[in-house]
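Welcome! Let us take a walk through a protein chain together, one topic at a time. Have the picture ready as you read.

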Amino acid sequence: MVYMIEALLLGIFAFILFLAAHFLVFHYLEPYHRWTAVMRVFWVCAALYAFAFWLLPFPNWFGILNLESPVAKWLAFAVGASWYVFLFLSYAQFYFLVDRGISARILVEILRAEGRSLSHDELRRRYSSDALQTRRLQDMQYGKYVILENGVYKLTPKGKLNALIFNFCKKYLHLNPGG
């Protein structure tokens with residue numbers, strides 16, 4: 001039987017396992033559809049969390065609560081699962097910053113440059129806006145936000161909904177029109 005604190009620790013452990021598996025998969029397999037690979041690792045670790053919670057006997061390490069009722073068990077499960085999901089969502093923000101962040105890419109370009117410095121013209125040569133747009137459009141097609149018909153990109157219903165939300169947020173928060 002798993003208790004509340006143990007469930008929380010189990011959720012944190014599942015996230016640590018996720019990180020390790022994610023790093024190993026990306027280092028050794030270099031998946032083409034990266035986010036799909038991340039989500040598969042997430043779900044495998046979520047299933048391992050559920051398996052460990054419901055099937056492995058754990059002592060009540062901290063002895064704070066004695067949860068014997070089914071409702072208490074489900075509550076403990078939800079606490080651990082919530083920690084796992086929240087840690088994953090926090091990591092997803094970091095992942096997308098590293099994977100797609102323009103500022104992060106510029107920082108890395110400067111770091112890799114000889115003398116760790118680049119002029120504005122050198123950055124422009126290394127950082128093609130055409131390549132950026134191509135990658136972003138491919139990602140949006142893969143995510144089913146846009147489709148390409150007769151050489152023209154069109155919003156899907158999913159893309160239109162997201163565009164409406166982003167447009168509202170940009171107007172409401174007085175953000176720049178660009179990305």
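Predicted model: local features only at pLDDT ≥ 70, side-chain atom pairs only at ≥ 80, totals over all residues.

## Getting our bearings

Helices of at least four residues and strands of at least two are DSSP runs, and they are numbered from the N terminus.

How many helices and strands does the chain have? There are 7 helices and 2 strands. Starting at the N terminus, the order of the elements is α-α-α-α-α-α-β-β-α.

## The chain as a whole

The chain has 179 residues, and 24% of them count as buried. Its exposed surface comes to about 13,000 Å², with carbon and sulfur atoms supplying 67% of that area.

Contacts tell us about the fold too. Take the contacts in the chain with a separation of 6 or more: residues 24 or more positions apart account for 62% of them.

## A walk along helix α1

Helix α1 covers residues 4-28, which makes 25 residues. From its first C-alpha to its last it reaches 36 Å, close to the 36 Å expected at 1.5 Å a residue. After the helix comes Glu30, and its phi is positive, near 45°.

Which residues of α1 are buried? They are Met4, Glu6, Ala7, Leu10, Gly11, Ala14, Phe15, Phe18 and His22. The cover over these buried residues includes α2 (34-55) and α3 (70-100).

## Zooming in on Phe15

Phe15 is one of the residues found in helix α1. Its relative accessible area is 11%, and because buried means under 20%, Phe15 counts as buried.

What does Phe15 touch, leaving out residues up to four places away in sequence? Its partners are Tyr84, Leu87, Phe88 and Tyr91. Look at Tyr91 in particular: Phe15 and Tyr91 are 76 residues apart in sequence, yet their C-alpha atoms are 9.6 Å apart in space.

## Salt bridges

Searching the whole structure turns up 6 salt bridges. One of them joins the side chains of Arg105 and Glu109, at 3.5 Å from N to O. These two residues sit 4 residues apart in helix α4 (residues 102-112), so about one helical turn separates them. There is a general idea behind this: an α-helix has 3.6 residues a turn, so residues three or four places apart point the same way. Arg105 is partly exposed, at 36% relative accessible area, while Glu109 is buried, at 14%.

Another salt bridge links Arg124 and Asp121, with 3.1 Å from N to O. Here the residues are 3 apart in helix α5 (residues 120-126), and again the separation is about one helical turn. Arg124 counts as exposed at 51% relative accessibility, and Asp121 counts as partly exposed at 42%. The side chains of Glu149 and Lys154 also meet in a salt bridge, at 3.1 Å from N to O. Glu149 is partly exposed at 35%, and Lys154 is partly exposed at 41%. Finally, a network of salt bridges links Arg34, Asp99, Arg135 and Asp139.

## A nonpolar patch on the surface

Which residues form the nonpolar patch on the surface? Phe51, Trp54, Leu55, Leu56 and Trp74 do, and together they have about 550 Å² of accessible area. Helix α2 gives the most to this patch, with 3 residues.

## Cysteines and disulfides

A disulfide is a covalent bond between the sulfur atoms of two cysteines. How many disulfides does the count come to here? The count is 0 disulfides, where a pair of cysteine sulfur atoms would have to lie within 2.5 Å.

Cys45 counts as buried, at 3% relative accessibility, whereas Cys169 is partly exposed, with a relative accessible area of 32%.

How values were computed
Residues numbered from 1 in each chain as written. Heavy atoms only, no water. Expected span 1.5 Å × (residues − 1). Buried < 20%, exposed > 50% of the residue type's maximum accessible area, 1.4 Å probe, protein only. Contact = heavy atoms within 4.5 Å. Salt bridge = Lys/Arg side-chain N within 4 Å of Asp/Glu carboxyl O. Patch = residues over 30% accessible without salt bridge, like charges linked within 9 Å, V, L, I, M, F, W, Y side chains within 5 Å. Areas by Shrake-Rupley, 256 points an atom, 1.4 Å probe, with all protein chains shown as cover.
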